[in-house]
Amino acid sequence: MRKISLILSASFFLLAPGFSETIIDSSWVLSLWAQEGHRISYSPLVDAILIANRALFNYSINAHSAPGNLSYWVHDNYIYNLQFGRPHWCISTLASTNPYIGFGAALGYKAIAQRCVGWFTGNWEDPVNIGPDTAGVFMNIPLQLQDGNILFIALTVDSIIYFTRSPDLQIEIAHGKVADNFFWGADVNNGIVYVFYYDESANVYYRTTVDGINWSPEQAWTIVWPNPYPNNIIGFVQMAVTDAGNPLLVFDNWNGDDYNNGLYPWHSKVYVSYQSGQPCIEVSSTFGAPDTECIYPTIATGGNYAAVLYCMPRNNEPDALNWWDFYVVWSSDNGQTWGTPINYTGSLTNRPGLPQLAKRIDTLRNRAYYIYAIDMVRNIDPLWNVWISGDYDPIYIYFDYAQYTGIEEGEKLRAEGKELKLMVLPNVIRDYAQIQCAIPERQRISLNLYDIIGRKVKTIAQGTIEPGVYSYRLDSSNLMSGIYFLILSGVEDRKVQKVLILR
């Protein structure tokens with residue numbers, strides 16, 4: 001995977017066709033902390049991406065947007081300049097017919113919101129205090145309703161409240177309380193807003209609204225809790241609603257014995273609850289590591305698809321400064337069955353962390369967009385940095401996407417036996433393709449593309465990697481039509497795959 005090694009301060013720059021992974025901004029690690037808030041959004045309505053974060057040096061807010069084809073990025077820096085004090089607990093974002101952001105401000109913990117008039121215009125209006133000064137808001141999540149009004153789900157220390165405003169944010173339509181419980185997540189799709197929460201006994205509930213004024217009574221969502229460990233607890237939670245209007249809840253279940261005894265990393269698994277009263281589905285099944293630490297899940301939906309991205313230690317060893325890799329697992333039937341997890345970061349040389357998927361999948365291109373953090377000071381786990389160490393180093397924020405290529409094909413590729421395995425989809429390539437490699441044991445590998453007369457035209461991956469299935473993206477936009485050969489070489493094995501590139 002490729003990177004841009006320079007933070008660009010200009011407001012606009014072009015990307016080569018097919019380019020994905022890039023540095024978006026620099027920030028404090030708290031900008032991506034708490035995945036319930038969603039700092040990245042994708043809107044199928046306007047085919048646009050929006051990312052917001054707290055800036056590194058002065059705590060102002062920066063916003064970054066791009067069309068779905070990633071042909072360019074627009075960087076709107078300093079759109080909020082501390083008019084209501086330091087933005088608190090990071091920024092929540094919404095991609096809609098207009099870009100919106102919401103956050104809590106440190107002066108009185110006010111609920112603050114901003115709107116940009118038009119996409120890619122840089123015309124961010126002045127911030128608006130949308131709630132009472134005594135609200136105590138530290139997170140403020142904007143969701144657009146069917147009638148165009150904006151519903152803000154705001155979190156305080158002890159409750160979940162809401163504010164409904166006109167599209168220009170100037171008129172208050174309604175406000176009130178959703179619940180006095182722990183926040184699980186909120187999402188709107190197909191016109192219905194769901195807000196999920198849970199109590200101290202891990203009983204899960206939700207309420208819905210379509211207009212931001214009238215709310216349904218509290219309803220129970222019965223989770224059939226998995227029992228993989230003698231004393232399990234909930235770790236990180238998130239949810240998204242499918243295009244058919246069905247909620248999917250994702251969470252990681254920790255070994256409470258590990259947690260109470262101070263052992264780290266804790267054994268943990270990632271599960272999806274796709275229907276109230278039905279057994280949860282484990283989506284973190286990994287190759288030869290049934291009791292590893294799989295945490296920090298984030299979920300996306302679109303069409304009939306769903307995707308879960310979660311973190312797993314690269315070496316599966318008890319290391320407080322884990323080297324996380326990101327695994328993405330896909331469903332093509334709205335979360336009822338899931339494919340094989342695929343490693344998307346096996347070739348990175350810096351420790352990534354704090355990933356967040358945009359809640360909507362780009363079904364035009366079969367992509368799930370996400371952002372993540374890499375520490376700018378030390379090569380350590382960004383999650384450990386914010387969660388346990390308290391050092392709060394500055395971070396780079398990266399953008400990338402996971403590509404869906406078909407559950408059936410992905411399930412055939414497994415890191416079993418002694419042989420390397422290689423697969424490319426699609427095999428007739430017009431712009432890009434996804435390459436999957438199954439590596440059965442730790443070894444040094446190289447993955448190269450050669451033309452028909454044997455000249456190496458592209459190095460896709462090389463280095464020593466752990467066992468597993470890895471995914472790499474082949475960008476063929478600068479290659480001529482013709483027959484090429486992908487060659488995956490290991491210590492004692494070699495696999496060759498013929499591919500056809502057509503323009």
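Strands here are DSSP runs of at least two residues, and helices are runs of at least four, numbered from the N terminus. One caveat before we start: this is a predicted model.

Q: Where does leucine 70 lie?
A: Leucine 70 falls in the loop between strand E5 (61-67) and strand E6 (72-80).

Q: Why is leucine 70 called buried?
A: Buried means under 20% relative accessible area. Leucine 70 has 2%, so it counts as buried.

Q: What is the phi of leucine 70?
A: Leucine 70 has a positive phi of about 60°, and it is not a glycine. As background, most residues other than glycine have a negative phi.

Q: Which value does phi take in leucine 354?
A: For leucine 354 phi is near 55°, again a positive value in a residue other than glycine. Leucine 354 sits in strand E27 (residues 352-357). With 1% relative accessibility against a limit of 20%, leucine 354 is therefore buried.

Q: What makes tyrosine 305 and tyrosine 404 an aromatic pair, and why is the pair called tilted?
A: Rings pair if their centres lie within 6.5 Å, and these two are 4.6 Å apart, centre to centre, so they pair. Planes under 30 degrees apart would be stacked and over 60 edge-to-face; here the angle is 50°, so the pair is tilted. The structure holds 30 aromatic pairs.

Q: Which parts of the chain does that pair link?
A: Distant ones: tyrosine 305 is in strand E24 (residues 305-313), while tyrosine 404 is in the loop between strand E29 (394-403) and helix H3 (407-412). The two tyrosines are 99 residues apart.

Q: Why is tyrosine 305 called partly exposed, and why is tyrosine 404 called buried?
A: The cut-off for buried is under 20%, and exposed starts over 50%. Tyrosine 305 has 22% relative accessibility, so it lands in between as partly exposed. Tyrosine 404 has 11%, so it counts as buried.

Q: Which residues do ring pairs link into a cluster?
A: Phe182, Trp184, Tyr198, Trp225, Phe251 and Tyr271.

Q: What lines the largest pocket?
A: The largest pocket has a volume of about 760 Å³. Its lining takes in 28 residues, and Glu36, Phe182, Phe183, Tyr198 and Gly235 are the closest to its centre. Strand E15 (182-189) and strand E19 (232-241) are the elements that give two or more residues to this lining. E19 gives the most, with four residues. By type, the lining of the largest pocket divides into 17 nonpolar, six polar and five charged residues.

Q: How many cavities does a search of the whole structure find?
A: Four cavities of 30 Å³ or more turn up. The second largest cavity holds about 70 Å³ of space. This second largest cavity is lined by 11 residues, with Tyr344, Gln434, Ser471, Tyr472 and Arg473 nearest its centre. E29, strand E32 (432-439) and strand E35 (468-475) each supply at least two residues of that lining.

Q: What makes the link between serine 273 and tryptophan 221 a polar contact?
A: The limit is 3.5 Å, and the side chains of serine 273 and tryptophan 221 make their contact at 2.9 Å, so the distance qualifies. Serine 273 is in strand E21 (residues 268-273). With a relative accessible area of 0%, serine 273 is buried.

Q: Why is arginine 115 called buried?
A: Arginine 115 has a relative accessible area of 14%, which is under 20%, so it is buried. Its place is in strand E9 (residues 110-115).

Q: Why is tryptophan 119 counted as buried?
A: At 15% relative accessibility, tryptophan 119 is under the 20% limit, so it counts as buried. Tryptophan 119 is found in the loop between E9 and strand E10 (128-129). The C-alpha atoms of tryptophan 119 and proline 99 are separated by 6.8 Å, with the two residues 20 apart along the chain.

Definitions and conventions:
Residues are numbered from 1 along each chain as its sequence is written. This is a predicted model: local features need pLDDT of at least 70, side-chain atom pairs count only at pLDDT 80 or more; totals for chains, interfaces and linings use all residues. Side-chain values use heavy atoms; hydrogens and water are left out. Rings of Phe, Tyr and Trp (its six-membered ring) pair if their centres lie within 6.5 Å; planes under 30 degrees apart count as stacked, over 60 as edge-to-face and the rest as tilted. Buried means under 20% relative accessible area, exposed over 50%, partly exposed in between (1.4 Å probe, protein chains only). On a 1 Å grid over the protein atoms alone, a cavity is a set of points where a 1.4 Å probe fits but cannot get out, and a pocket is an open set with protein on both sides within 12 Å along at least five of seven lines; lining residues have an atom within 4 Å of a point. Grid points are joined across faces, edges and corners, and a volume is the space filled by probe spheres set on the points. Ala, Val, Leu, Ile, Met, Phe, Trp, Tyr, Cys and Pro count as nonpolar, Asp, Glu, Lys and Arg as charged, and the others, Gly among them, as polar. A polar contact is a pair of N or O atoms within 3.5 Å; within protein, one must be able to donate a hydrogen and the other to accept it, and residues adjacent in sequence count only if both atoms are side-chain atoms.
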